[in-house]
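I opened the model to look up strand pairing, aromatic contacts and pockets. My entries follow in that order.

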Amino acid sequence: METWQRFMQGGLGMLALVGALLMAHYYAPPAAETSGLERQVHELSRQVEEMQREQSFSAAAVDEARESVAYIYGIYHVAGKAHFRARVAGTGFVVAAGLLATNRHVAQPWYGDREVTAALEPGETPVLEKLVAYFPGSPYPVALDPVVLAKHADLAVLRMEATAFTGKLRPLPLSAKPPRVGESVSVLAYPMGVTGMVAKSPAAVYERLSSHPDNADTAGELAALSLIRPSATFGHIGDVSGDKLIYDAPTARGGSGGPVLNLQGEVVGINSAYIDGFSGGTLGVTTGDLLPLIEIARGRSEQPVVAPR
């Protein structure tokens, strides 16, 4: 009986082998075709590995860039109107030794504000009382002075107070290539300002500060606890129109002036606004108009100037 079982098993094995050989003979693709498929698989594998390396580098670049991105807080009033006093919150980033870039409407809070302009009477002038930056890793605010303001674009370059800390800040690299539609980007900013930073703080800190006002005192407490950290949001460029970028990385009030980074961690734009009701309608200004402002700022030390363009 055992001999018969072994005989049957051997016969079935031979039949299976013959069948496999026949299928290989009749259905196997030609050697050239097989070689072509292998090349395609190899190329796809290489592209996947390259994308994985690129994405990993992007994460490291974004995290490293956060140290150079500051929360900006300011107060201004209208001379001649003691009752008119307002504050501003935004984002800025280091572009050169001692220099910070942001939006003009952060450096000059009344810029583009129709309500403020309409309220001004002859002889009345907006006055910037205070403008400071809080950086990750430092418990102290850094005094800021507007140096160059763009005439048309919503851009400004500020000079930072010279300290041992600001002297060590790393300028973010500006991209030499214009951004392209479909390109992946990330935005580093302080959406919702102090309120946003308190909301993402540890539970014990949140319970203590959640009822505090959105002002410099609360920002100072967050800085003392090393909780000044920009948030990173991610998306893709939906359109490029002249000096404007449109992308779907979300933002909110307080995110104005944040850097828009490509996958290599280079700045391709400056976050400036968003369209209510449209998730893909975040707006930024390309870095093309920022470069001449930086050059002008490097050579100035007196009162702020409006660039010719």
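Strands here are DSSP runs of E with at least two residues, helices are runs of H or I with at least four, and both are numbered from the N terminus. I count two strands as paired if DSSP finds at least two bridges between them.

The model is predicted, so I note that local features need pLDDT of at least 70 and side-chain atom pairs pLDDT 80 or more, while totals for chains, interfaces and linings use all residues. Residues are numbered from 1 along each chain as its sequence is written, and side-chain values use heavy atoms, with hydrogens and water left out.

Strands. I looked up β9 (residues 244-247) and found an antiparallel pairing with β8 (residues 231-241) over four bridges. Serine 241 has lysine 244 in β9 as its bridge partner. The two strands β8 and β9 form a hairpin with two residues between them, and glycine 242 in the turn has a positive phi of about 65°. β9 also runs antiparallel to β12 (residues 282-286), again joined by four bridges. There, tyrosine 247 has threonine 282 of β12 as its bridge partner.

Aromatic rings. I paired rings of Phe, Tyr and Trp (its six-membered ring) if their centres lie within 6.5 Å; planes under 30 degrees apart are stacked, over 60 edge-to-face, and the rest tilted. The count by this rule is four aromatic pairs. In one of them, tyrosine 71 and tyrosine 190 have ring centres 5.7 Å apart and planes at 55°, so I logged the pair as tilted. Tyrosine 71 is in β1 (residues 69-78) and tyrosine 190 in the loop between β7 (184-189) and α5 (193-199), so the pair ties together parts 119 residues apart in sequence. Tyr71, Tyr134 and Tyr190 form one aromatic cluster. Taking buried as under 20% relative accessible area with a 1.4 Å probe, protein chains only, I have tyrosine 71 buried at 0% and tyrosine 190 buried at 2%.

Pockets. A pocket is an open set of points on a 1 Å grid over the protein atoms alone, where a 1.4 Å probe fits, with protein on both sides within 12 Å along at least five of seven lines; lining residues have an atom within 4 Å of a point. The largest pocket is lined by 31 residues, with His105, Asp154, Ser256, Ser272 and Ala273 nearest its centre. β11 gives the largest share of that lining, four residues. For the second largest pocket I noted 12 lining residues, with Lys177, Arg180, Glu183, Asn262 and Gln264 closest to its centre.

Methods. Buried < 20%, exposed > 50% of the residue type's maximum accessible area, 1.4 Å probe, protein only.
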